[in-house]
Amino acid sequence: MRISVIGCGYLGAVHAAAMASLGHDVVGIDVDEDRVRALAEGVSPIFEPGLPEALREGIAAGRLRFSSEMSDAAAADVHFVAVGTPQLAHGAGADVSYVDAAFAALREHLRPGALVVGKSTVPVGTAARLAEGLAGAGARLIWNPEFLREGRAIRDTVAPDRLVYGVSPAGDDGVATLDEVYAPLVARGTPRLVTDYATAELVKTAANAFLATKISFINAMADVAEATGADVTTLADAIGHDARIGRKFLNAGVGFGGGCLPKDIRAFVARAEELGLGDSLAFLKEVDRINLRRRERLVDLVVDSFEGEPAGRRVAVLGLAFKPESDDIRDSPALDVAVRLRGLGAKVRCYDPEAMPNARRMHPQLKYAATAEHALRDAEAVVLVTEWREFREMDPAGAFGIVSRPVMIDGRNALDAEAWRAAGWAYAGMGRP
Ligand code: UDX
């Protein structure tokens, strides 16, 4: 099938490459010419395992190209809109101006009967409004939210847990076409739910709200564990055995960040307030607050290790990305902790296997080490904030010989506390005795 993908950021670049890997003829459109040039050469603008290979394969096979001209989308039968919906600069709501602009530009180039598929995460009610705008152009709209996780984005796109198609009240127009796009996924029996627009939009926001709530729940338990001498990790293991609860997303620590969960819960609250349902979603504000307090708590643990006097002390910060297998620093708890510690006068040296170029652009004032070992050299405290495998597998005895004061503060509860203590370290986790 001939497909266009409008917006080649995280979601769009991955979607374009994944659709080409399914055998479709794909053009990715983005207004950023540098990004288009890089993508056309098979260079991924983000660190995402498997993406460079998928881009190069698609380009080499002649099935994938990129352009900054919307007119190059005109020949496609199916158009995926995958532009970003960041948090408003002055407010908690989502900025849907990129979605509006993409639809307005695309409208000029649609062939009669074309199918437009919305993938961006939008406030509930947006799809119905956009569908009205398309009606005059003779095009159809399906809202098809994306649930990809960074670091597993290609896999999540070609082998998702479920497909959700939000269709117009007029009927399931376009469902057969979208089934054809996703033919291998549909043939494999991937659960596919055909809903109205509002439900499809809400599936995405509700899923992210639930995940964020689960993380803040266990982080609240971490506070209680800390005050009572309990161990939140064992607590999570034990309640996680209950199949109704499940162990996933119950890792306590410095909390969630990234380009999705934080902004999506804020946008959801803002939308609920517009709908007069502020009370129903007020708990999500608390979820956000619990999450942000984790960063303060971790900084406090470091400050406490210096008896309240962190100024001039050497601190190694391991990790800057919001999670491992990603170079994304959007709303990253790790970067926030590094910046706060520096703000308190500590001599911070950071290291991250992938996120340092992004971090350096945003925070040139921070000191960056070439390796983890460099970051650790002569450190008086080490803070683990992103649980990269390289850090999880660090040898406590070897690290002991590099630092000048063996204090390990594990903001992700990712290390074996006993092994680190046995090697002579003062170890502190979050919510662990
Ligand atoms: C998330 C959703 O998982 C995905 O379905 C949606 O499409 C986009 O948002 P992502 O932002 O890639 O994906 O990251 P995710 O793996 O969900 O992690 C989010 C944050 O939560 C990270 O900062 C991570 O470190 C943190 N986290 C996750 C915890 O603190 N504890 C956990 O137990 C799990």
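**A pocket and a helix contact**

Author: Nine nonpolar, two polar and three charged residues make up the lining of the second largest pocket (Ala, Val, Leu, Ile, Met, Phe, Trp, Tyr, Cys and Pro count as nonpolar, Asp, Glu, Lys and Arg as charged, and the others, Gly among them, as polar). The model is predicted, with local features needing pLDDT of at least 70 and side-chain atom pairs pLDDT 80 or more, while totals for chains, interfaces and linings use all residues. Residues are numbered from 1 along each chain as its sequence is written, and side-chain values use heavy atoms, without hydrogens and water.

The pocket (on a 1 Å grid, an open set of points where a 1.4 Å probe fits, with protein on both sides within 12 Å along at least five of seven lines; lining residues have an atom within 4 Å of a point) holds about 210 Å³ of space. Of its 14 lining residues, Ala131, Ala139, Leu141, Ser168 and Tyr197 lie nearest the centre. Helix H5 (126-135) and strand E6 (140-143) are the elements giving two or more residues to this lining, and H5 supplies the largest share, five residues.

Turning to the helix contact, the axes of H9 (residues 197-228) and H11 (residues 261-274) come within 9 Å and cross at roughly 115°. H9 is therefore roughly perpendicular to H11 (the term covers 65 to 115 degrees). In H9, Leu202, Lys204, Thr205, Ala206, Asn208, Ala209, Ala212 and Ile215 meet Leu261, Asp264, Ile265 and Phe268 of H11, contact meaning heavy atoms within 4.5 Å. Eight nonpolar, two polar and two charged residues form this contact of H9 with H11.

Definitions and conventions
Points joined across faces, edges and corners; volume = space filled by probe spheres on them. Helix = DSSP H or I, 4+ residues; strand = E, 2+ residues; numbered from the N terminus. Axes fitted to C-alpha atoms, helices over the stretch in contact; angles between N-to-C directions. Parallel < 35°, antiparallel > 145°, perpendicular 65-115°, else oblique.
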